[in-house]
Amino acid sequence: MSTIVLGGGLSGLSAAYYLKKMLPKVPITLLEASDRIGGWVRSNKVDDCIFEEGPRTIRPRGSPAAFNTLELIDELGLANEIVPILSNHPAAKNRMIFVNGKLHSLPNSLISLFKKQEPFSKPLIRYLLNDLTAPKKNVKDEPIYDFVNRRFGSEFADYLISALICGICAGNAKEISVNFLMKNLFQYEQQYGNITKGMLKNLFDSNKVKPKGLALKAKKEKWSVYSFKNGLETLPKALENKLLDHKVEIYVNTTCKEIDLPCIDDNGLVFLADGRILNAFHVISTVSSQCLAKVVHKEHPQLADLLNKIKCVTVGVVNLKYNKRLITKDGFGFLVPPNEKLPILGVTYDSCCFPNGDNTVLTVMMGGAWFKDLFGDYPDKQDLLKTAKEQLKTTLGITDEPINFKVSIHQNCIPQYTVGHTETVEKINAYIKNNKLSLSLCGSSYYGVGINDVILSAKNAVNDLMEDV
Ligand SMILES: Cc1cc2nc3c(=O)[nH]c(=O)nc-3n(C[C@H](O)[C@H](O)[C@H](O)COP(=O)(O)OP(=O)(O)OC[C@H]3O[C@@H](n4cnc5c(N)ncnc54)[C@H](O)[C@@H]3O)c2cc1C
């Protein structure tokens with residue numbers, strides 16, 4: 001009788017890792033539908049460079065989730081594999097947006113807040129000061145666009161936040177919940193009337209988690225973001241090896257078709273697509289909420305309806321390599337606010353972040369909340385490649401042909417935390433509790449979409465389980 005972990009992406013691997021660490025005697029079986037481990041983390045070695053088809057960097061600072069990932073990396077013995085981008089590197093200092101047909105660098109220092117910088121019509125400090133006088137609105141939740149528009153003005157919402165939401169979750173800021181990215185700032189407004197007051201009151205909060213170990217090193221050395229020498233897939237590969245060393249049973253090409261969920265009084269059954277049936281003492285689901293909805297629908301239609309409320313968007317990723325230097329101004333890359341009506345979300349300058357001789361490596365991201373409108377129900381990879389090349393010409397003036405490229409269409413890859421998301425997750429958890437189901441939820445559908453979030457969500461799920469044992 002095993003604890004079954006559903007999904008072999010970063011959160012599934014992390015859940016199995018923490019489970020083995022905290023409850024070493026519990027037998028674990030991890031099921032992965034595809035033929036490989038790692039989920040959306042895919043580092044493809046092409047000649048001498050790496051095409052990251054999914055995530056490319058991890059944030060080391062500013063949150064317990066970031067510190068937790070570094071602690072995990074240290075435990076896995078991967079500290080020496082890390083390649084950080086330091087905060088004085090052009091890739092850290094120069095982040096851009098494409099507005100009104102031009103690239104604009106975003107302010108990156110205290111002094112730059114006081115200067116008027118295109119496309120903004122006044123210095124950024126003036127938008128920030130707007131917060132002091134903007135009236136408070138009592139709401140439970142609202143689109144992040146409306147919140148920012150209300151407190152800082154429309155240019156801030158149109159150029160900055162809308163672009164940022166495209167970069168973080170490929171989503172539409174007019175739909176995404178303010179509780180997603182700006183939870184603290186939103187709560188400051190609700191509690192203190194404006195954000196500035198809330199920030200000042202919390203400046204000396206002694207409960208803040210202090211970095212230690214590798215996280216402290218990252219702080220001292222001023223890492224902005226990081227990856228690994230052989231790409232981000234280093235992390236799931238190391239986790240997989242660790243789990244195999246500890247005799248965790250990992251099955252790839254193994255799709256869970258249906259689950260009769262275990263509960264406190266009874267064990268459960270996991271039905272696999274190949275006809276096998278596994279007994280389950282507990283299930284940790286790390287698959288997307290919509291994938292989970294499919295497998296629990298028969299026994300728990302009400303739970304499936306709640307899970308189906310959290311929708312995902314599809315993202316097209318085009319990696320391109322050119323055999324000469326084509327970028328005139330180094331940086332991390334640029335984002336395109338939706339108002340520009342271009343068919344791309346943004347472009348990362350991979351060879352500026354992680355240099356590759358005289359080559360230029362770029363990644364064009366497209367679609368997200370607008371994928372279906374742009375590419376239809378049956379997207380064609382040639383169409384995406386053509387669009388990527390056209391947009392590189394429009395935005396960066398690149399007319400050269402790439403010497404190598406890879407087009408990926410990641411169907412339903414990023415969950416959208418739309419208005420009401422927190423309430424939906426609360427209802428899902430209440431259903432599980434009220435029905436005494438032995439089911440833990442983690443992964444990108446519930447508590448944050450980034451790598452740090454999903455790893456911490458796995459750790460928290462296992463911690464909660466420990467309390468019940
Ligand atoms: C294009 C892109 C760029 C990103 N960029 C960044 C970034 O730069 N930084 C960052 O921090 N985050 C980034 N993210 C987010 C990050 O990649 C995710 O948070 C993370 O990979 C999610 O991991 P997961 O294990 O929760 O889910 P997944 O990776 O989706 O893993 C779930 C696994 O479950 C399997 N599965 C599904 N259904 C079943 C079933 N019925 N039976 C068995 N197995 C099943 C799937 O095959 C999959 O392997 C990006 C995501 C994408 C898509």
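**Close-up 1. Surroundings of Arg150 in the predicted model.** Leaving aside neighbours within four places in sequence, Arg150 is in contact with Asn130, Ala134, Pro135, Lys136, Lys137, Val139, Glu142 and Glu189, where contact means heavy atoms within 4.5 Å. This is a predicted model, in which local features need pLDDT of at least 70 and side-chain atom pairs count only at pLDDT 80 or more, while totals for chains, interfaces and linings use all residues. Residues are numbered from 1 along each chain as its sequence is written, and side-chain values use heavy atoms, with hydrogens and water left out. Arg150 lies in helix H5 (residues 144-152); helices (H or I, at least four residues) and strands (E, at least two) are DSSP runs, numbered from the N terminus. The side chains of Arg150 and Glu142 are joined by a polar contact of 2.3 Å, a term for a pair of N or O atoms within 3.5 Å in which, within protein, one must be able to donate a hydrogen and the other to accept it, and residues adjacent in sequence count only if both atoms are side-chain atoms. Between the C-alpha atoms of Arg150 and Lys137, which are 13 residues apart along the chain, the separation is 8.9 Å.

Close-up 2. The seven strands follow the order E7-E6-E14-E15-E16-E13-E17, with mixed pairing; two strands pair if DSSP finds at least two bridges between them. Strand E7 (102-105) and strand E17 (404-415) stand at the edges, each with a single partner strand, so one side of each is left without a neighbour in the sheet. On average, and with direction ignored, neighbouring strands of this sheet are turned by 25 degrees against each other. Strand E13 (residues 312-322) and strand E16 (residues 360-368) run antiparallel and are joined by nine bridges, and Val364 in E16 is the bridge partner of Val318. Helix H16 (residues 381-396) lies across strands including E6 (95-99), E14 (333-335) and E15 (346-349), and runs at about 65 degrees to E13; axes are lines fitted to C-alpha atoms, for helices over the stretch in contact, and angles run from 0 to 180 degrees between N-to-C directions.

**Close-up 3. Strand E12 and its partners.** Strand E1 (residues 2-6) pairs with strand E12 (residues 277-285) in the parallel sense over five bridges, and Ile4 stands opposite Val283 in E12. Strand E11 (residues 268-272) runs antiparallel to E12 and is joined to it by four bridges, with Val270 opposite Leu278. E11 and E12 form a hairpin with four residues between them, and Gly275 in the turn has a positive phi of about 100 degrees. Three bridges join E12 to strand E18 (residues 439-441) in a parallel arrangement, where Ile284 stands opposite Ser440.

Close-up 4. Backbone N or O atoms lie 3.2 Å from a ligand oxygen atom in the case of Arg56, 3.0 Å from a ligand nitrogen atom in the case of Cys256, and 3.5 Å from a ligand oxygen atom in the case of Ser444. The elements that give two or more residues to the shell around the ligand are helix H1 (10-22), E17 and helix H18 (451-468).
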